[in-house]
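Here's a quick tour of one protein model, with an eye on its rings and its sheet. Have the viewer open as you read.

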Amino acid sequence: MHVKPKKGLGQNFLFDKNIQRKLVASYNLKACDHVLEIGAGYGELTKLIADCAAFVYALEIDPELCKTLRDNTKGYSNIEIINQDILRFNLKRYFRGFKNKIKVVGNIPYYITTPIIEHLLKYRDKIETIFITVQKEFAKRIVANPGSKEYGSFSCFVQYYCIPKILFYIKKSSFSPIPKVDSSLLEIKPRQVPAVKVKDEKLFFKVIRASFNKRRKTLRNSLDSIVPLQKLHEFFKKYDIDVNIRPEDLTLKDFAHLTNII
């Protein structure tokens with residue numbers, strides 16, 4: 001049974017067999033691994049993962065597609081089909097009692113990539129590594145370094161909690177229907193401890209978001225409504241930073257120093 005892709009769910013199915021095998025090889029699966037797959041689709045990747053791992057929890061939001069998925073994975077005792085939205089899926093509750101951390105993989109709909117990553121990072125203590133296929137330009141934003149045009153508040157958010165890495169790019173012609181842009185396989189590995197030490201995480205991210213909301217302005221002008229000018233000058237002087245610096249030129253450590261001074 002062939003289920004027509006639903007545009008509203010951002011369904012673009014990966015049909016390239018070579019890329020499917022390349023993805024699974026990149027996951028570096030072990031026989032003891034438990035894998036959560038987001039957006040299992042027709043189950044092509046699901047079966048390849050199941051051949052290498054201990055168990056696959058195949059998450060699929062589309063109930064119609066779940067029927068096809070069950071038919072296509074018959075004979076696999078180590079695959080469980082879960083008809084649920086990843087944004088409503090509680091990893092902590094579902095994987096309660098697991099001694100080892102799980103791996104998360106998936107081809108993520110472009111329009112909800114940010115919410116999905118934010119959701120997964122809430123459960124980072126349960127996750128060993130995340131391997132997700134995302135829009136190429138989005139992946140570049142995640143791994144961007146200070147000083148680049150791609151670097152922004154979400155780069156800082158992910159890099160604070162994790163070590164992100166682009167493993168390889170995937171041509172849009174590898175999918176059906178063909179999306180408008182190429183994709184990337186992105187590896188996101190949660191850190192044991194955050195990248196920098198901050199006294200107040202909530203304030204830390206508030207400062208970062210406010211800074212990049214007005215990224216064309218200098219840091220002083222971007223933060224004039226939430227950081228006292230005296231504190232900013234104290235920060236500039238203590239860490240020998242140009243008073244006319246722009247937000248995109250600050251490292252995570254710089255933002256941490258600034259937050260801790262406030």
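What follows covers the ground rules, the sheet, the helices on it and the aromatic contacts.

## Ground rules

This is a predicted model, so to speak plainly about cut-offs: local features need pLDDT of at least 70, side-chain atom pairs count only at pLDDT 80 or more, and totals for chains, interfaces and linings use all residues. Residues are numbered from 1 along each chain as its sequence is written, and side-chain values use heavy atoms, with hydrogens and water left out.

## The sheet

Strands here are DSSP runs of E with at least two residues, helices are runs of H or I with at least four, and both are numbered from the N terminus. Two strands pair if DSSP finds at least two bridges between them.

S2 and S3 (residues 55-59) are parallel partners over 5 bridges, and leucine 36 stands opposite tyrosine 57 in S3.

## Helices across it

## Aromatic pairs

The whole structure holds 22 aromatic pairs. Rings of Phe, Tyr and Trp (its six-membered ring) pair if their centres lie within 6.5 Å; planes under 30 degrees apart are stacked, over 60 edge-to-face, and the rest tilted. Tyrosine 27 and phenylalanine 131 make a tilted pair, 5.3 Å centre to centre with 45 degrees between the planes. Tyrosine 27 is in the loop between H1 (17-26) and S2 (34-38) and phenylalanine 131 is in S6 (residues 127-135), so the pair ties together parts 104 residues apart in sequence.

One aromatic cluster takes in Phe138, Phe154, Phe157, Tyr160, Tyr161, Phe204 and Phe205.

## Charges over rings

The charged end of arginine 124 sits over the ring of tyrosine 161, 3.9 Å from its centre. That label needs NZ of Lys or CZ of Arg within 6 Å of the ring centre and within 35 degrees of the ring normal.
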